[in-house]
Structure formats: structure tokens, C-alpha cells
Amino acid sequence: MARWHSANVLQAASDKKRLWQFKVGGDIPSLSREETKLPTEALPSGLTAKDWQTLYKPKLNVAWLAADKSFLRVLQIPPADTFQETAAMIELQLEKASPLPVAQIMWTFELLPKRPGHPQTAIVVIVARNVVEEFLGRLEKESFAPDRLEVPFIDQLLATKVTADGVWIYPASGQDESSCVIAWWCGGTLQSVSLLHLPPVEERGAFLREQIAQMAWAGELEGWITTPPRRFLVATPAIAAVWQPILQDGSTPELEVVAPLADSELAKLTARRATRDPIPASLVPPEFTTRYRQQFVDRIWMRSLFAVVLLYMFGVLIYLAAVQYVEFQVADLERKVRDQSGSYTNALVLKDKVRVMQDQLNLQFAALECYKAMAQQIPEGVTLDSFNFQKGRTMSVQGTAPKDMMTKINDFSDSLRRILVHDEPLFKNVTVPTIGVRGTDLMGWSFTAELTKGESE
């Protein structure tokens, strides 16, 4: 069973439309909204239409079917253990109880409270199938798809406090005032329910008294009327003032008036019955129920698809906006680059000039340090013939010396390896001197030394 969240009850009379919405929870539904519309006005779609919220907040739509469109029968059946057994027993008696062929009717039933030691009393509601289909067609034009059709008289009958046996008369009101329902209670049991279609006002008194007398005579023959029945009129004071003269004459017992329930209270009872568990079969044909459900599913799918397309389009718009924003940022960055490109080029040129000047300065200092080292370390008697730098990084020297000073030339190159400037070696590498003969008493020498710091640094 669906756990209903709300229930709508519609009264679609010819002079007005009334809609009650109830919040279902607990034993008694609570009225949350009431609408009254003219026949030409549309019903509030927000109340009656079913959308995706119905998936987790189930909504029940109920429409009232006028009592004069139905046939009412009372059946006394043996008490059953289950609700399904009761329904099966009632279905077996439909052939005898229905005034129409079973294939041409829609039916449902309502069980009265069970009395220990007595048969189970059931009120059977029978409606011609073509009447139901015509009524549903009218409701569909109002965009109202009912899940159930109910007869409000059932709730009025169940709500009536029967204080004594007798005949209880329920006159209709409004556009249906030409009909009335007569219920017979005897021995605390509902024995019969009849719907009467009334003639013109001037003939109603005699017609009603005659019909009640015939029903009483039939009840006496069947044995459930043993004493003269009391008469009760369930009507408002205004309606009772019209009906009392019609029903009352000198030979009939006094008529007792009982106040009926208001329409809103009847709607609450209808919502309560329609959302209970178990629930009898609905008067709505199965094919209509299937079609309404399929329409609901299709509507959910279409709205979901529309929501997905809308979400996709929204995502595309966001993506395009993001692309435009990024393009704007790129254009702004390119503009800044163009604005700063001249300054950047000038900075590179200036950096190169600074590097060249720094290299020249380093070369000058390196040359001075080398001159100083050569002057301090060259042995006495050794002649320096040439001194030059290669790419500002390698020092190349050559000279002459007497042949007996070869050892001093080697010591000279070794001493250059140990020269420190600012606690760092001046030369990273000094080659072994190359010795050559320059004559009888002289020799030539040469070697190279690689500076620890050079032009490229």
C-alpha cells in the first residue's frame, strides 16, 4: 500500500465545484486547503496535478459521484477471516443484487462495523459503466484524473448515530434535490437502502408516503419489521422545514429531525476511507487507471528530459561564459606583454652590456693578478719573453733560462699552483713546463695555466 501524503476530494456539481485537500497522517486527515470554483473556472493545477514530487509524496485524487447515479444494495453475508474472502462472497451475489448485467457495471462496497453473533452487513454501490465513463470524461476536461470515485452518502450513513430502529430519510440538496435515500434499521442492523427519484414538488408527499408504506410492508413480509417504524429526517433546518410538511400527515407518526454532517466533514471522512488499508476495488475502470498512470509516467519522463536539456544548455552557457572570460584574460595578458616587450628587450640588451663590461673587468683583474703572481714567483735569472690570455680564461707564458735552471722552472710552475686570491686558488690547472734548447748555454720554456675564474663567469 502507498503511504499517502495528501488526498484531494472533488465535488463536481453542476452549479459549482468544491475541492478539499487533506494532509494524510495519523487516524484522521487534517484539512489543509479548500477551494470553491464556478463551473467555468479551472481547478488549481498545483493541488490536483501529479508531478515528480508525487514519487516521494504520494497524492490521492478522489471524486464524489452523486448518489442518484448509483444503485445501493444491502447484503448480509457470513463473517469472513480476510477482506479478500468478503469481497469474493459479495461478488458471488452480484448477479442477484445488480439491476444491470454484471459486465456493464462498476461496483464497490463498504462494510459496516461487525456485531458479534450477527452476519456481516455490506453496502454495495453499483454504477453503470457508461455513467462512470461519462463522468470521468467530464473530469478529464477539468484536468482531474481521479484514483477513486466515492459516493458521499456512504460517509453520511456511517456517520449517522442511529439511536433507534426505524426509517431514516436523507434528502438530497442543491442540484440533486429531486432524489433522496431511505435507509431501514431494525434490530440494530441496516436492512435496506433505497434511492428514490422524486416527482414534482406537489406530488412528492403522496409519493414518499406510499413508497415508505410499501417498503414497510415488504419488511414485515420478510420478518425484519415487527413494530411500527419510527421516522427520522437527516437534514438541515432549512431543508427540514420543506420536507416535514411533505412527510407529515395526520396518520403518520411524528418525524424526528437529525442534523447531517457538513460537506467538509463528509470530505474528511471520504479521504479517511479512501486512504485506509485494505481498500475495496475502485469504481474507476482498470483501463482508465492504467492510462492515468501511463500519462503520469510519460509526464515525468518528459519533464525530466526537459530538465536535462535545460541543465545541459545552462552548462553550455556557463562553459561559453568561462571561455569568453579566459579569452579576455589572455587578450589582456597579451596586451600587457606587448606593452612590456620593449622594456624587456631593452633589459636584455642592458644585461648583455653589463655582462660584457663585467667580463672585461674580470679579465683586467685576472691579468693583474697573473702579472702579480708571475712577478712574485718567477725565479731570478729566468727571463719572461711573452705573456698572453686566451679567451680570458687560459694564461700562456714562455721564456728563456740558463740550462742549469731547469729545476727552478719546474718549481716556478708548482708555485703558481699554490697562489691564493681571496682564499681561493688563482689557477685551477697549471701544465708541466715544456723545455727546449735555445743555444749552447740557454734553454726555452713554456707552459699554460687555466684560471679558476674566467671570462664566462
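A nonpolar surface patch of about 560 Å² is formed by Met302, Leu305, Val309, Tyr312 and Met313, where a patch is built from residues with over 30% relative accessible area and no salt bridge, nonpolar side chains (Val, Leu, Ile, Met, Phe, Trp, Tyr) being joined within 5 Å. Accessible areas follow the Shrake-Rupley method with a 1.4 Å probe, and for residues only the protein chains shown count as cover. The model is a predicted one, in which local features need pLDDT of at least 70 and side-chain atom pairs count only at pLDDT 80 or more, while totals for chains, interfaces and linings use all residues. Residues are numbered from 1 along each chain as its sequence is written, and side-chain values use heavy atoms, with hydrogens and water left out.

Helix H9 also takes part in the second largest pocket, to whose lining it gives the most, with eight residues. This pocket holds about 860 Å³ of space, and of its 35 lining residues the closest to the centre are Lys50, Ala145, Asp147, Tyr292 and Phe296. A pocket is here an open set of points on a 1 Å grid over the protein atoms alone, with protein on both sides within 12 Å along at least five of seven lines, and lining residues have an atom within 4 Å of a point. By class, the lining comprises 17 nonpolar, eight polar and 10 charged residues, with Asp, Glu, Lys and Arg counted as charged.

Side chains of opposite charge can pair when their charged atoms come close. The structure holds 20 salt bridges, each defined as a side-chain nitrogen of Lys or Arg within 4 Å of a carboxyl oxygen of Asp or Glu. In one of them, Glu142 meets Lys17 at 2.7 Å, N to O; Glu142 lies in the loop between helix H4 (129-141) and strand E8 (148-150) and Lys17 in strand E2 (residues 17-23), so the pair ties together parts that are 125 residues apart in sequence. Lys17 counts as buried at 4% relative accessibility, whereas Glu142, at 26%, is partly exposed (buried means under 20% relative accessible area, exposed over 50%, and partly exposed in between). Within helix H9, Lys336 and Asp332 lie four residues apart, about one turn of the helix, and form a salt bridge whose closest N and O atoms are 3.5 Å apart.

Terms used. Patches are made of residues with over 30% relative accessible area and no salt bridge: like charges are joined within 9 Å, nonpolar side chains (Val, Leu, Ile, Met, Phe, Trp, Tyr) within 5 Å. On a 1 Å grid over the protein atoms alone, a cavity is a set of points where a 1.4 Å probe fits but cannot get out, and a pocket is an open set with protein on both sides within 12 Å along at least five of seven lines; lining residues have an atom within 4 Å of a point. Grid points are joined across faces, edges and corners, and a volume is the space filled by probe spheres set on the points. Helices (H or I, at least four residues) and strands (E, at least two) are DSSP runs, numbered from the N terminus. Buried means under 20% relative accessible area, exposed over 50%, partly exposed in between (1.4 Å probe, protein chains only).
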